[in-house]
Amino acid sequence: MAGTSHAARFYRQIKRHPALIPMIGFIGLGMGSAALYLLRLALRSPDVCWDRKNNPEPWNRLSPNDQYKFLAVSTDYKKLKKDRPDF
């Protein structure tokens with residue numbers, strides 16, 4: 001047991017307890033969806049600034065019609081008017 005790799009030990013546990021397979025699948029699905037959501041937040045959110053030289057304040061370039069929330073329940077972004085000045 002001391003010389004076995006982690007993969008071999010994992011395979012042995014899965015073979016001994018097949019009820020772990022759905023749990024491992026759901027944990028993997030949850031971790032994957034969390035990683036994709038964090039990637040979406042990092043790339044699409046107006047609060048994140050990756051290029052400070054060319055665009056130091058990316059939130060000022062958003063028009064009122066830009067939907068940057070993941071889920072907008074009652075807001076129709078196509079009908080919004082601009083209510084702030086240009087800088």
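Student: What is the chain over residues 20-43, helix or strand?

Tutor: Over residues 20-43 the chain is 100% helix and 0% strand, and its end C-alpha atoms lie 35 Å apart. Helices are DSSP runs of H or I with at least four residues, strands are runs of E with at least two, and both are numbered from the N terminus. This is a predicted model, in which local features need pLDDT of at least 70 and side-chain atom pairs count only at 80 or more, while totals for chains, interfaces and linings use all residues. Residues are numbered from 1 along each chain as its sequence is written, and side-chain values use heavy atoms, with hydrogens and water left out.

Student: What does UniProt list for residues 20-43?

Tutor: The unreviewed UniProt entry lists them as "transmembrane region". Such annotations may be inferred rather than shown by experiment.

Student: How many helices and strands does the protein have?

Tutor: The protein has 2 helices and 0 strands. Helix α1 covers residues 6-16 and helix α2 covers residues 20-44.

Student: Why is α1 called oblique to α2?

Tutor: The two helices pack at an angle of about 125°, with their axes 8 Å apart. Angles under 35 degrees count as roughly parallel, over 145 as roughly antiparallel, 65 to 115 as roughly perpendicular, and the rest as oblique. The angle of about 125° falls in the rest, so α1 is oblique to α2.

Student: Which residues of α1 and α2 meet?

Tutor: Phe10, Gln13 and Ile14 in α1 meet Leu20, Ile21 and Ile24 in α2. By class, this contact has 5 nonpolar, 1 polar and no charged residues.

Student: What makes Thr4 partly exposed?

Tutor: Thr4 has a relative accessible area of 27%. Buried means under 20%, exposed means over 50%, and partly exposed is in between (1.4 Å probe, protein chains only). The value of 27% is in between, so Thr4 is partly exposed. Thr4 sits in the segment before α1. Leaving aside neighbours within four places in sequence, Thr4 is in contact (heavy atoms within 4.5 Å) with Arg9 and Arg12.

Student: What share of the 87 residues in the protein is buried?

Tutor: Buried residues make up 7% of the 87 residues.

Notes
Axes are lines fitted to C-alpha atoms, for helices over the stretch in contact, and angles run from 0 to 180 degrees between N-to-C directions. Ala, Val, Leu, Ile, Met, Phe, Trp, Tyr, Cys and Pro count as nonpolar, Asp, Glu, Lys and Arg as charged, and the others, Gly among them, as polar.
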